[in-house]
Amino acid sequence: SYNISLMKEYDKEKLKKVTSQINLSNIVNEWPNSYDTSLTRFFDVDGKELSGGEKQKIAIGRCLYKKSSFLVMDEPNSSLDLKTENDIYNIVLNDNEKTLLLISHKLSKITNFDRILVLHSGCVEAIGTHEELYSNNKYYKELYNLQSQKYNQKGNKTNENNDGK
């Protein structure tokens, strides 16, 4: 409970909702002390050691639990499985009460953002929507196309392997 809410007194329903949103409730329910389990063995020999992805889910859960109007997320998907990554993006992007500053190298995840700042050599190269940048900024278009080709090539290789070739 404290691990996500960061408060001794917390809203149990809200905590359950957040752990469900970050795909962590099944794991928490398996722990002997459920939400009151220590998340390290450093302070408690019965504590749980978390994987990198689970730690990242806890950090994102804190952002979702807290009533803040501004979130800064730096590569929030780096250790997450694809389903959790998509779920979290949908939750955060549909929360009209929060402004999100997302730092990401994954251009496919930012195409629906209101404004995208493209950084190049430590300077702002361009600002706009995905459509504006793709149409008007050579650097952004090149990066986007490179990533798209990379994913398409991986997909094609996977299909070839599945066909026995």
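These exercises work through a predicted model of one protein chain.

## Exercise 1: Overall layout

Task: State how many helices and strands the protein chain has, and give their order.

Solution. 
- Step 1. Count the elements: the chain has seven helices and four strands.
- Step 2. Read from the N terminus: the order is α-α-α-α-β-α-β-β-β-α-α.
- Step 3. Turn to burial. Of the 165 residues in the chain, 33% are buried.
- Step 4. Look at sequence separation. Take contacts between residues at least 6 apart in sequence; 47% of these join residues at least 24 apart.

## Exercise 2: The largest nonpolar core

Task: Find which residues have the most contacts inside the largest nonpolar core, and which element supplies the largest share of this core.

Solution. 
- Step 1. The core holds 30 residues. Those with the most contacts inside it are Ile 4, Ile 22, Ile 60, Ile 110, Ile 116 and Tyr 140.
- Step 2. Assign elements. At least two core residues come from each of α2 (12-21), α4 (52-65), β1 (70-74), α5 (82-93), β3 (116-120) and α7 (138-162).
- Step 3. Pick the main contributor: α4 gives the largest share, four residues.
- Step 4. Setting aside residues up to four places away in sequence, Tyr 140 touches Leu 107, Ile 110, Ile 116, Val 118, His 130, Leu 133 and Tyr 134.
- Step 5. In soluble globular proteins, nonpolar side chains tend to be buried together.

## Exercise 3: Helix α4

Task: Compare the span of α4 with the expected value, then list the buried residues of α4.

Solution. 
- Step 1. Helix α4 has 14 residues.
- Step 2. From first C-alpha to last, α4 reaches 20 Å. That is close to the 20 Å expected at 1.5 Å a residue.
- Step 3. Apply the burial cut-off, under 20% relative accessible area. In α4, Gly 53, Glu 54, Gln 56, Lys 57, Ile 58, Ile 60, Gly 61, Leu 64 and Tyr 65 are buried.
- Step 4. Ser 20 is in helix α2.
- Step 5. Classify Ser 20: its relative accessibility is 42%, so Ser 20 is partly exposed.

## Exercise 4: Positive phi in loops

Task: Locate Asn 23 and Ser 121, and decide whether each is buried, partly exposed or exposed.

Solution. 
- Step 1. Asn 23 is not a glycine, yet has a positive phi of about 55°. Asn 23 sits in the loop between α2 and α3 (25-30).
- Step 2. The relative accessibility of Asn 23 is 25%, so Asn 23 is partly exposed.
- Step 3. Ser 121 is not a glycine either, and has a positive phi of about 55°. Ser 121 lies in the loop between β3 and β4 (123-128).
- Step 4. Ser 121 has a relative accessible area of 69%, so Ser 121 is exposed.

## Exercise 5: Pro 76

Task: Say where Pro 76 lies, and which residues are in contact with Pro 76.

Solution. 
- Step 1. Pro 76 is in the loop between β1 and α5.
- Step 2. At 9% relative accessibility, Pro 76 is buried.
- Step 3. Leave aside neighbours within four places in sequence. Pro 76 is then in contact with Gln 56, Ile 60, Tyr 89, Leu 102 and Ile 103.
- Step 4. Check a distance: Pro 76 and Ser 104 are 28 residues apart in sequence and 8.0 Å apart in space, C-alpha to C-alpha.

Methods. Residues are numbered from 1 along each chain as its sequence is written. This is a predicted model: local features need pLDDT of at least 70, side-chain atom pairs count only at pLDDT 80 or more; totals for chains, interfaces and linings use all residues. Side-chain values use heavy atoms; hydrogens and water are left out. A nonpolar core is a set of buried Ala, Val, Leu, Ile, Met, Phe, Trp, Tyr and Cys residues joined through side-chain atoms within 4.5 Å. Buried means under 20% relative accessible area, exposed over 50%, partly exposed in between (1.4 Å probe, protein chains only). Contact means heavy atoms within 4.5 Å. The expected span of a helix is 1.5 Å times one less than its number of residues.
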